[in-house]
Amino acid sequence: MNNKMALMTVASLGIALLAGALLPFQAAANAGVGRALGHPFWGATTSLIISLAGMVPMLILTKAPMPNFANAFHGPWWLWIGGVLGAFYVISATILTPRLGAGGFLVAVVAGQMVMAVLVDHFGLMGLEPKPINLMRVLGVLLILGGVFLIQGGGVKKPAALPAPVASSVGLP
């Protein structure tokens with residue numbers, strides 16, 4: 001691997017790590033705006049509208065060419081599911097982050113991603129080159145699934161909070 005390829009790989013990994021590091025903030029922000037607006041679906045919708053509002057200027061600034069819809073319409077059916085899957089992720093994050101916490105939600109997301117990614121690679125789905133499942137990949141997925149268990153508290157319940165004392169009306173005017 002030459003220096004330029006190594007630098008590109010390190011830069012790509014750095015950007016991917018940054019993208020992953022930002023996800024807890026996205027999930028928490030979406031949950032917060034959903035609560036403020038009165039429903040998680042409004043939080044997800046707000047996130048997606050702001051995403052669109054952010055992408056349009058990027059298209060203009062980068063002078064991206066007009067899309068070639070003819071090519072896309074002749075492509076496989078799965079070219080069009082990204083938006084629906086993205087919306088599913090955003091609404092899931094909006095609803096589940098307050099319940100599971102940012103760490104719990106995201107470790108479950110990563111575990112789900114890795115289980116499916118290994119299967120997609122193995123079967124060469126969606127135009128990818130097949131990459132067979134091997135023992136190391138299975139062990140990696142099992143470690144991630146173990147991480148889900150550990151981050152969610154290892155099945156240990158938090159002690160219940162003591163009930164608030166009940167005020168007595170005896171002797172009060």
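Colleague: Where is Lys 63 found?
Modeller: This is a predicted model, so read every value as computed. Lys 63 has a positive phi of about 55°, although it is not a glycine. Its place in the chain is the loop between H2 and H3.

Colleague: Is Lys 63 buried or exposed?
Modeller: The cut-off for exposed is over 50% relative accessible area. Lys 63 has 72%, so it counts as exposed.

Colleague: Where is Met 126 found?
Modeller: Met 126 is not a glycine either, yet it has a positive phi of about 55°. At 42% relative accessibility, Met 126 counts as partly exposed. Its location is the loop between H4 and helix H5 (135-151).

Colleague: What pattern does the chain follow, read along the sequence?
Modeller: The chain has five helices and zero strands. Read along the sequence, that gives α-α-α-α-α.

Colleague: How much of the chain counts as buried?
Modeller: The chain has 173 residues. Take contacts between residues at least 6 apart in sequence: 54% of them join residues at least 24 apart. The share of residues that count as buried is 15%.

Colleague: At what angle do helix H1 and helix H2 pack?
Modeller: H1 covers residues 3-37 and H2 covers residues 40-61. Their axes are 7 Å apart. The crossing is right-handed. The angle is about 125°.

Colleague: Which word describes how H1 and H2 lie to each other?
Modeller: Angles over 145 degrees would count as roughly antiparallel, and 65 to 115 as roughly perpendicular. H1 and H2 pack at about 125°. The two helices are therefore oblique.

Colleague: Which residues in H2 meet those in H1?
Modeller: The H1 side consists of Gln 26, Asn 30, Val 33, Gly 34 and Leu 37. In H2 they meet Pro 40, Trp 42, Gly 43, Thr 46 and Ser 47.

Colleague: Which residues is Asn 30 in contact with, leaving aside its neighbours within four places in sequence?
Modeller: Asn 30 lies in helix H1. At 7% relative accessibility, it counts as buried. Its contacts are Gly 43, Ser 47, Val 90 and Thr 94.

Colleague: How far apart are the axes of H2 and H4?
Modeller: H2 and H4 pack at an angle of about 130°, and are therefore oblique to each other. H2 passes H4 in a right-handed crossing. The contacting residues in H2 include Phe 41 and Ala 44, and those in H4 include Ala 87 and Ile 91. The axes are apart by 9 Å.

Colleague: Which residues is Phe 105 in contact with, leaving aside its neighbours within four places in sequence?
Modeller: Phe 105 belongs to the largest nonpolar core. Its contacts are Tyr 89, Ser 92, Ala 93, Leu 96, Thr 97 and Leu 100.

Colleague: How many aromatic pairs does a search of the whole structure find?
Modeller: One of them is Phe 69 with Phe 73, which is stacked at 6.0 Å centre to centre and 25° between the planes. Both residues lie in helix H3 (residues 69-73), four residues apart, about one turn of the helix. The whole search finds three.

Colleague: Why is the pair of Phe 73 and Trp 80 called stacked, and what is the angle of the planes?
Modeller: Phe 73 is exposed at 58%, while Trp 80 is partly exposed at 44%. The ring centres are 5.4 Å apart. Planes under 30 degrees apart count as stacked. The pair is stacked because its planes are at 20°.

Colleague: Which residues form one aromatic cluster?
Modeller: Phe 69 is partly exposed, with a relative accessible area of 46%. It is stacked with Phe 73. The cluster is Phe 69, Phe 73 and Trp 80.

Colleague: Which residues is Val 118 in contact with, leaving aside its neighbours within four places in sequence?
Modeller: Val 118 is found in helix H4 (residues 82-123). It is buried, at 8% relative accessible area. Its contacts are Ile 133, Arg 137 and Val 141.

Colleague: How far apart in space are Val 118 and Pro 130, C-alpha to C-alpha?
Modeller: In sequence they are 12 residues apart. In space, C-alpha to C-alpha, the distance is 9.9 Å.

Terms used: Residues numbered from 1 in each chain as written. Predicted model: local features only at pLDDT ≥ 70, side-chain atom pairs only at ≥ 80, totals over all residues. Heavy atoms only, no water. Buried < 20%, exposed > 50% of the residue type's maximum accessible area, 1.4 Å probe, protein only. Contact = heavy atoms within 4.5 Å. Core = buried A, V, L, I, M, F, W, Y, C linked by side-chain atoms within 4.5 Å. Phe/Tyr/Trp six-rings, centres within 6.5 Å; stacked < 30°, edge-to-face > 60°. Axes fitted to C-alpha atoms, helices over the stretch in contact; angles between N-to-C directions. Parallel < 35°, antiparallel > 145°, perpendicular 65-115°, else oblique. Left-handed = near helix turned anticlockwise from the far one by under 90°.
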